[in-house]
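Open the model in your viewer and keep the selection tool ready.

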Amino acid sequence: MNQLVTGKFIALKRKQKNLTQEQLAEKLGVSNKTISKWETGKCMPDYSIIKSLCEELEVTVAELMDGEMSEEKSVRTYDDEQILDLLRRTQELEKQKNLLYDHIGV
């Protein structure tokens, strides 16, 4: 997963739906600055919002993470729920790591 590729894909799909960053942000309950950060690859959407983002953009979670539409007959090893669970776990571990680093002063 490449944040920059995913971000460009989010921007592409948003524009194809004729949505501004502000409009997409409103639909998802986030700020337009958050949408901008996703689209520039500065951060990734939180796992808790990915499903809603995918619904708004009419893409699968796998397509969002890959940053491209999948082939019509492609086979996925993981389904959307498994990918979301992996993202949730990864983000939780990142938060724990950051808390630990803050605690020890790194």
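Start with α1 and α3. Their axes come within 7 Å and cross at roughly 125 degrees. (Under 35 degrees counts as roughly parallel, over 145 as roughly antiparallel, 65 to 115 as roughly perpendicular, and the rest as oblique.) Helices here are DSSP runs of H or I with at least four residues, numbered from the N terminus.

This is a predicted model: local features need pLDDT of at least 70, side-chain atom pairs count only at pLDDT 80 or more, and totals for chains, interfaces and linings use all residues. Residues are numbered from 1 along each chain as its sequence is written, and side-chain values use heavy atoms, with hydrogens and water left out.

Now select the residues between the two helices. Gln3, Gly7, Lys8, Ile10, Ala11 and Arg14 of α1 meet Ile35, Trp38 and Glu39 of α3. Contact means heavy atoms within 4.5 Å. The set splits into four nonpolar, two polar and three charged residues. (Ala, Val, Leu, Ile, Met, Phe, Trp, Tyr, Cys and Pro count as nonpolar; Asp, Glu, Lys and Arg as charged; the others, Gly among them, as polar.)

Zoom in on Glu39, in helix α3. Is this glutamate buried or exposed? Glu39 counts as buried because its relative accessibility is 9%. (Buried is under 20% relative accessible area, exposed over 50%, partly exposed in between, with a 1.4 Å probe and protein chains only.) Show Arg14 as well: its side chain makes a polar contact with the Glu39 side chain, at 2.5 Å. (That is a pair of N or O atoms within 3.5 Å; within protein, one must be able to donate a hydrogen and the other to accept it, and residues adjacent in sequence count only if both atoms are side-chain atoms.) Beyond four places in sequence, Glu39 also touches Gln21, among others.

The axes of α2 and α3 come within 8 Å and cross at roughly 110 degrees. That makes α2 roughly perpendicular to α3.

Finish in the largest nonpolar core, which has 22 residues. (Such a core is a set of buried Ala, Val, Leu, Ile, Met, Phe, Trp, Tyr and Cys residues joined through side-chain atoms within 4.5 Å.) Select Ile50, Leu53, Leu64 and Met65, which touch the most other members. Helix α4 gives the largest share, five residues.

Note on methods. Axes are lines fitted to C-alpha atoms, for helices over the stretch in contact, and angles run from 0 to 180 degrees between N-to-C directions.
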